[in-house]
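This report goes through the model shown below, by strand, sheet, helix, aromatic contact and chain interface.

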Amino acid sequence: MSRSTPTTAGANSVESLEALAFELRSKLLELCGTYEGAVHIGGDLSVADILVALYHYGLNVDPADIASPERDRFILSKGHAAVCMYIAMAMRGFFSYDDIVDTYGQLDSAYGMHPCKVQLPGVECSTGSLGHGLPLAVGMALSARHRGEAHRVFTLMGDGETGEGSVWEAVMAARSNELGNMVAIIDRNRQLMTSFAEERVVFEPYPDKWRAFGWNVVEVDGHDMTELVTAIDELPEPSSRIPTVIIAETVKGKGVDFMERNLAWHAGSLGAEDLEKARASLSSGHQGETA
Amino acid sequence: MPVTFTFGEMLSARSVIGTTLAELGESHDNLWVLTPDIGATLVEFREKYPERFVDVGLAEQVCVGVAAGLAYDGNIPVVSGMLPFLSMRALEQIRTDVCYPNLPVKIIGTHGGLVGNGGSTHYAVEDLALMCSLTNMTVTSIGDPMMVGEILRQSMSMSGPLYIRLAVGKSDKVIYEAGQHDVEIGKGIVARDGDDVTLFTHGTTVSQALDVADELAADGKSVRVVDLFTLKPIDEELIVRCVDETGGRVVVLEDHVAYGGLASRVADVVADRGLKLTAFERLGIPQVYAGFGDDEELRDKHGYGHKATVEAIRRVLGTG
């Protein structure tokens, strides 16, 4: 099986991907400052680099042909990071960023707190209830395998989400059905909504849990674009028989100093003053990185 | 075919399901069959189309989730299993992964009602209430094993989800002669005509209702038996007509909790349409965990067996 030629996004360099991730975070802050309700900004910022690496590098998708059978499927199982996905997709040409900012969360908007495929074509699945994405991915991967299609099915989950038993049912089903066309990505930000994960649930030894279920485990720094791109480049062929999990070590609130690893910033909104502080923090960090 | 537990007593319904799925698998190359370790009815399909048969083992949630994933990709998945577990363990997957995006997943299963003698863990007695509450879901409960095949065939062209409830009855009666009634999802069947009272029912109690009508006919009572095998969407016009034509006298009989199932569906129509009733009785499972016993014993014990149904109709007719 050979992969069809990726669309132009695959040509992005690490530097340009990093610039896109900065743009994505800046736009997230803007929305967090304009929308009156709470935005899941902590978990959005922890997956921003991952979503850029997917929508602007790894995923073979085409905004002009959202129903193409050959497209890679992406399931945002941690549906509360929807707005981060919407913006990453808008930056790729799927949607209008202005529409997102202007209508997010409002009556009759397609851009809601959790993604709805019916209201927003281009999104693969309606998600939001945690632990539902990976079973859906197993179904899509089985379908692809049966039809001899060479695309992959990616699922992004939070580490906290993997406390849901249905995730492990799907982990077993994926391995049992030898679905090497499945890629799970874990946003390992080590925080639940109300606590630091390990204080409530013993996740460690976390990668070993996946290994014990027979998956191919790849561990990366989820904010290091080079590592993310390498992990994507080195994925086994979709025709292989072992599913892969990329465990991406991340920081909830990444890029904004007062949000990082701060339980108060699972979700929230930014007043004018905080928005300026957040922007300043994001910029100084970005300049530090690029210096 | 090895037979374990009580499934062997459902042989005719099982063979209808098996044969029908195998037949549909041939005409629909996007038909998949999934099960959480309840595969006995599915051997024929599994052998003919092993690549479209998925047994996930004991894992109802992923079973329904996988079905939804397949349906997202243009396939027609049929999930077959035991309803107490599918309807409750996987309820959220059915609601959120199947009904929310309105996917053509069929859920078909056994052990609807106090059947099979497994005890309350193994009786699906709240399932119709749960399923009827789900937006986009079509809900059926089938008594005649031969009807199952027809419903499955019709379901191939449905764009949304479908729930098919079966019993595991020892009296696995073929209720209708072939061609006797037009079977159409959404339309009730007047299984026996009558003028004095309408007995609405579904599923395994249809044959009991017909026996009751026979017994009362000997007394000169004319009982209309209506098989409302589609609970959602309910056949409102048939209910309106029956209430009118049988003097506003209504009895509802079902192997389901007495509040939340068909009786409640009928009562909703009566209220919404402002129908005038002379008498109304509901016969079904009371608010108890029913215990063990065979199907007939349990219905008798819990007040909706044959004798209790006869008595209820006599009361409604003012002759009790």
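## An enclosed strand in chain A

In this predicted model, strand β3 (residues 182–188) of chain A has 7 of its 7 residues buried, so the strand is largely enclosed by the rest of the structure. The burial applies to both faces of β3(A). On one side Met182(A), Ala184(A), Ile186(A) and Arg188(A) are buried, and on the other Val183(A), Ile185(A) and Asp187(A).

A partner of β3(A) is strand β2 (residues 153–158) of chain A, and the two pair in the parallel sense over 6 bridges. Within this pairing, Phe154(A) has Val183(A) of β3(A) as its bridge partner. Val183(A) is also one of the buried residues of β3(A). Arg188(A), likewise buried in β3(A), places its charged end over the ring of Tyr206(A), 4.7 Å from the centre of that ring.

## Aromatic contacts

Over all chains, the structure holds 12 aromatic pairs. One of them joins Tyr55(A) and Phe74(A) in an edge-to-face arrangement, with 5.6 Å from centre to centre and 80 degrees between the planes. This pair links distant parts of the chain: Tyr55(A) belongs to helix α2 (residues 41–58) of chain A and Phe74(A) to strand β1 (residues 73–76) of chain A, 19 residues apart. Tyr55(A) and Phe74(A) are both buried.

Phe94(A) and Phe95(A) also form an aromatic pair, here a tilted one, at 6.2 Å centre to centre and with 55 degrees between the planes. Both Phe94(A) and Phe95(A) are buried.

## The seven-stranded sheet of chain B

Chain B has an open sheet of 7 strands in the order β2-β1-β3-β4-β6-β5-β10, with mixed pairing. At its edges stand β2 (53–55) and β10 (230–232) of chain B; each has a single partner strand, so one side of each is left without a neighbour in the sheet. From one strand to the next, the twist averages 20 degrees.

Inside this order, strand β4 (residues 106–110) and strand β6 (residues 162–165) of chain B run parallel and are joined by 4 bridges. Opposite Ile108(B) stands Ile164(B) of β6(B).

## The five-stranded sheet of chain B

Chain B also contains an open sheet of 5 strands, ordered β7-β9-β8-β11-β12, and its pairing is mixed. The edge positions are taken by β7 (189–192) and β12 (279–285) of chain B, each with a single partner strand, so one side of each is left without a neighbour in the sheet. Neighbouring strands are turned by 25 degrees against each other on average, direction ignored.

Strand β11 (residues 249–257) of chain B runs parallel to β12(B), and 6 bridges join the two. In this pairing Arg249(B) stands opposite Ala279(B) of β12(B).

## Helices around the five-stranded sheet

Helix α12 (residues 306–316) of chain B lies across β8 (197–201), β9 (223–227), β11 and β12 of chain B, and runs at about 165 degrees to β12(B). Helix α9 (residues 236–245) of chain B has buried residues at Leu238(B), Ile239(B), Val240(B), Cys242(B) and Val243(B). Their cover includes β7, β8, β9, β11 and α10 (262–273) of chain B. After α9(B) comes Gly247(B), with a positive phi near 65 degrees.

Gln208(B) is part of helix α8 (residues 205–217) of chain B. Its relative accessibility is 7%, and because buried means under 20%, Gln208(B) counts as buried. Apart from neighbours within four places in sequence, Gln208(B) is in contact with Leu253(B), Arg299(B), Tyr304(B), Gly305(B), His306(B) and Thr309(B).

## The interface between the chains

Chain A contributes 25 residues to the contact and chain B contributes 24 residues. Between them the two chains bury about 2,000 Å², with 58% of it on carbon and sulfur atoms. On the chain A side, the residues that lose the most area to chain B are His132(A), His146(A) and Glu169(A), together 29% of what that side buries.

Methods. Residues numbered from 1 in each chain as written. Chains lettered and ligands numbered in written order. Predicted model: local features only at pLDDT ≥ 70, side-chain atom pairs only at ≥ 80, totals over all residues. Heavy atoms only, no water. Pairing = 2+ DSSP bridges. Axes fitted to C-alpha atoms, helices over the stretch in contact; angles between N-to-C directions. Contact = heavy atoms within 4.5 Å. Buried < 20%, exposed > 50% of the residue type's maximum accessible area, 1.4 Å probe, protein only. Phe/Tyr/Trp six-rings, centres within 6.5 Å; stacked < 30°, edge-to-face > 60°. Lys NZ or Arg CZ within 6 Å of the ring centre and 35° of its normal. Buried area = accessible area lost by both parts, 1.4 Å probe.
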